[in-house]
Amino acid sequence: MGSERIKVLLVEDDGDSRELLAELLEFEFDVVTATDGLAGLRAFESALPDVVVTDESLPGLCGTELAQRVKAHAPRTRVILVSGYSEVSGAEHCDLVLRKPIDVEQLSRAVGKLGDESRQWAGDDARQ
């Protein structure tokens with residue numbers, strides 16, 4: 001498992017932002033994308049990513065609601081919430097909140113760190 005790339009689900013309804021972020025993250029990670037919260041939940045259930053990066057303002061299911069459902073199904077999965085707001089109700093369901101505009105290097109470092117944590121937790125579960 002150590003040689004596998006970290007799996008990332010990127011949920012963003014803005015097509016240009018989604019494509020740009022996915023393209024930049026794909027240098028280091030395996031990336032799956034979704035266009036809204038409900039599509040993100042379906043993609044999470046099929047891809048079982050290590051890290052979910054989600055916008056807060058999404059049609060269908062906001063990012064914090066998505067985070068809550070992700071954590072209920074897979075507590076080891078790490079969630080990074082991206083928001084333009086300084087205070088986000090429900091952010092306690094997320095492992096990290098990043099403010100827009102996104103610093104791509106900061107996001108990439110966070111995905112790597114949280115992805116490693118997620119895999120460590122999964123490894124600990126497998127040994128028990």
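Let's begin with the two cysteines, Cys94 and Cys62. In this predicted model, the sulfur of Cys94 has its closest cysteine sulfur in Cys62, 9.1 Å away, and that is too far for a bond. Cys62, for its part, is in no disulfide either, with the sulfur of Cys94 as its nearest. As for where Cys94 sits, it counts as buried because its relative accessibility is 12%, and the cut-off for buried is under 20%.

Val70 is another buried residue, and here the relative accessibility is 0%. You'll find Val70 in helix α3, which runs over residues 63-73. Look across to Val52 as well: Val70 and Val52 are 18 residues apart along the chain, and 8.6 Å separates their C-alpha atoms.

Glu12 is in the loop that links β1 (7-11) to α1. What is the nearest side chain of opposite charge to Glu12? That would be Lys100, at 4.2 Å. A salt bridge requires the nitrogen and the carboxyl oxygen to be within 4 Å, so Glu12, although buried, has none. The Glu12 side chain does have a polar atom 2.9 Å from the backbone nitrogen of Asp14.

Most peptide bonds are trans, and most residues other than glycine have a negative phi. The bond joining Lys100 and Pro101, however, is cis, with omega at about 0°. Pro101 itself belongs to the loop between β5 (96-99) and α4 (104-127).

Phi has its own exception in Leu48. This residue is not a glycine, yet its phi is positive, at about 45°. Leu48 is placed in the loop that runs between α2 (37-47) and β3 (51-55). Is Leu48 buried, partly exposed or exposed? With 49% relative accessibility, Leu48 counts as partly exposed, because the exposed class starts over 50%.

Finally, head out to the surface. Leu20, Leu24 and Phe27 together make a nonpolar patch of about 330 Å². Phe27 is found in the loop between α1 (15-25) and β2 (30-34). Its relative accessible area is 66%, so Phe27 is classed as exposed.

Notes
Residues are numbered from 1 along each chain as its sequence is written. This is a predicted model: local features need pLDDT of at least 70, side-chain atom pairs count only at pLDDT 80 or more; totals for chains, interfaces and linings use all residues. Side-chain values use heavy atoms; hydrogens and water are left out. Patches are made of residues with over 30% relative accessible area and no salt bridge: like charges are joined within 9 Å, nonpolar side chains (Val, Leu, Ile, Met, Phe, Trp, Tyr) within 5 Å. Accessible areas come from the Shrake-Rupley method with a 1.4 Å probe; for residues, only the protein chains shown count as cover. Helices (H or I, at least four residues) and strands (E, at least two) are DSSP runs, numbered from the N terminus. Buried means under 20% relative accessible area, exposed over 50%, partly exposed in between (1.4 Å probe, protein chains only). A disulfide is a pair of cysteine sulfur atoms within 2.5 Å. Lys and Arg count as positive and Asp and Glu as negative; His and the chain ends are not counted. A polar contact is a pair of N or O atoms within 3.5 Å; within protein, one must be able to donate a hydrogen and the other to accept it, and residues adjacent in sequence count only if both atoms are side-chain atoms.
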